[in-house]
Amino acid sequence: MENLKNNTVYIHIPFCEEICSYCDFCKFYYNKDIVDKYLVALKKEIKLRYKGENINNIYIGGGTPSCLSKIQIKELLGITNLFNKDIKEFTFECNIENITEDKVKILKEYGVNRISLGVQTFNNKFLNFLNRKHTSREVKNKINMIKKYINNINIDIIYAIPGETIEDIENDISEYLKLDIEHISTYSLIIEKNTILNNLKVEYIDDELDYKMYKKICSILKNNGYNHYEISNFAKKGYESKHNLVYWNNEHYYGFGLSASGYIDNIRYTNTKTINKYLSGEYIKEEESLNINETIENEFILGFRKLKGISINKLKKKYNLDITKIDFINKLLEEKKIIIKNNYLSIRNKYIYVSNDILLEFMGVDYEKYI
């Protein structure tokens, strides 16, 4: 099996000023003293576990990294100097209400070249429902400010919000296009167990309406020149997320920080979600060493998220796997649920949004006998 390099880093900052009603990520209310201690622990974890590879992509997410003070942001970004950096993409997640010009200047100074903003919607009624504390006007003002320093910007949009109509989501995408930025991630609302929305017993919208919204988003963005390169992600040419493509290409990456996950030396690991354990140096909660069947299974499950699909040549190079020998793949090809185009294996567009039944076919397979 081909050896994979570890050239990507994710760092989790689990602090927020407000808790969004839909969020189930590991997070805590901002507390200066705890953040200071957390940054010390983060530095120790990286020194302990980083193996010295050249790092091309860094993603600092949360939580809300931008809720840290200017001094703390400088400390956080200074910690990234522990890496041997050959940066292609350095992303920093921000919320509209606490990103300032001074903070953006600091990000620029330390080499951040991509900003990801949690916007979610331009509709003030739905912003309130999601417990977001900004307005649509602030979004426009802050993005215009950020553009003075950093020209690669993503925003996240949530759709299928209870009470939302096709016209509402059309308006959100229209407002996005007016911003003239490079990338958009669009997610159908998921009501997770440990969230305010779940506690309030909020119910999902109708599946058919959800799908219509998705198709409308795809249509508008495609007609405006955006590349639909992953189920939920759209970009101007050349601005596809390098960091996220590492995940979808089933490549190795470091995860540092509370609850962060990583994939190194064919071991998938997840850090503890208990802040006291993390601060005391008990970083990793669980590890799983993958066998060849599990590794190839992940290659398909993750790779099929990309609209382009999975390179047949790379499957051959990485695993010596010849897909033409696999009966169920040939069956899916005959049924035209998956296709081969330009030597890539992909799910047909009309099945992408309801692909789980197809993905089940790729799980629990003895791939080793085809190698």
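At what angle do helix α1 and helix α2 pack, and how far apart are their axes? In this predicted model, α1 (residues 32-49) and α2 (residues 70-79) meet at about 5°, and their axes lie 10 Å apart. That angle makes α1 roughly parallel to α2, because angles under 35 degrees count as such.

**The α1/α2 contact**

- From α1, the contact residues are Lys32, Val35, Asp36, Leu39, Leu42, Lys43 and Ile46.
- From α2, they are Gln72, Glu75, Leu76 and Ile79.
- By type, the contact residues of α1 with α2 divide into six nonpolar, one polar and four charged.

**The nine-stranded sheet**

- The sheet is open and has nine strands, with mixed pairing.
- Its strand order is β9-β10-β8-β7-β6-β5-β4-β1-β11.
- β9 (227-230) and β11 (254-256) are the edge strands, each pairing on one side only.
- On average, neighbouring strands of this sheet are turned by 20° against each other, direction ignored.
- In general, strands of a sheet pair through backbone hydrogen bonds, either parallel or antiparallel.

- Is β6 enclosed by the rest of the structure or exposed? Seven of its seven residues are buried, so β6 is largely enclosed by the rest of the structure.
- Arg114, Ser116, Gly118 and Gln120 point one way from β6. Ile115, Leu117 and Val119 point the other way. Residues of both sets are buried.
- β5 and β6 run parallel and are joined by four bridges. Across this pair, Cys94 stands opposite Leu117 in β6.
- β6 and β7 also pair in the parallel sense, over five bridges. Here Gln120 stands opposite Ile157 in β7.
- Further along, β7 (residues 153-159) and β8 (residues 183-188) pair in the parallel sense over six bridges. Tyr159 has Ser188 of β8 as its bridge partner.

**Helices on the sheet**

- α2 lies across β1 (8-13), β4 (54-62) and β5. Its direction runs at about 150° to β5.
- α6 (residues 166-179) also packs on the sheet, touching β6, β7 and β8. Its direction makes about 175° with that of β7.

**Helix α3**

- Which residues of α3 (residues 101-109) are buried? They are Lys103, Val104, Ile106 and Leu107.
- Seen down the axis of α3, these buried residues fall within an arc of 155°, so they line one face of the helix.
- The buried residues of α3 pack against α2, β5 (84-94), β6 (114-120) and α5 (136-146).

- Thr91 sits in strand β5. Its relative accessibility is 0%, so Thr91 counts as buried.
- Leaving out residues up to four places away in sequence, Thr91 touches Ile58, Tyr59, Ile60, Arg114 and Ser116.
- Glu167 is in helix α6. Its relative accessible area is 52%, so Glu167 is exposed.
- Glu167 and Met213 are 46 residues apart along the chain. Their C-alpha atoms are separated by 9.2 Å.

**Backbone points to check by eye**

- Which peptide bond is cis, with omega near 20°? It is the bond from Gly62 to Gly63. Gly63 is found in the loop between β4 and α2.
- Lys336 is not a glycine, yet it has a positive phi of about 60°. Lys336 is found in the loop between α13 (327-334) and β16 (338-341). At 53% relative accessibility, Lys336 counts as exposed.
- Asn343 is not a glycine either, and it has a positive phi of about 70°. Asn343 lies in the loop between β16 and β17 (344-347). With a relative accessible area of 34%, Asn343 is partly exposed.

Technical notes: Residues are numbered from 1 along each chain as its sequence is written. This is a predicted model: local features need pLDDT of at least 70, side-chain atom pairs count only at pLDDT 80 or more; totals for chains, interfaces and linings use all residues. Side-chain values use heavy atoms; hydrogens and water are left out. Axes are lines fitted to C-alpha atoms, for helices over the stretch in contact, and angles run from 0 to 180 degrees between N-to-C directions. Helices (H or I, at least four residues) and strands (E, at least two) are DSSP runs, numbered from the N terminus. Angles under 35 degrees count as roughly parallel, over 145 as roughly antiparallel, 65 to 115 as roughly perpendicular and the rest as oblique. Contact means heavy atoms within 4.5 Å. Ala, Val, Leu, Ile, Met, Phe, Trp, Tyr, Cys and Pro count as nonpolar, Asp, Glu, Lys and Arg as charged, and the others, Gly among them, as polar. Buried means under 20% relative accessible area, exposed over 50%, partly exposed in between (1.4 Å probe, protein chains only). The arc is that of the directions from the helix axis to the C-beta atoms. Two strands pair if DSSP finds at least two bridges between them.
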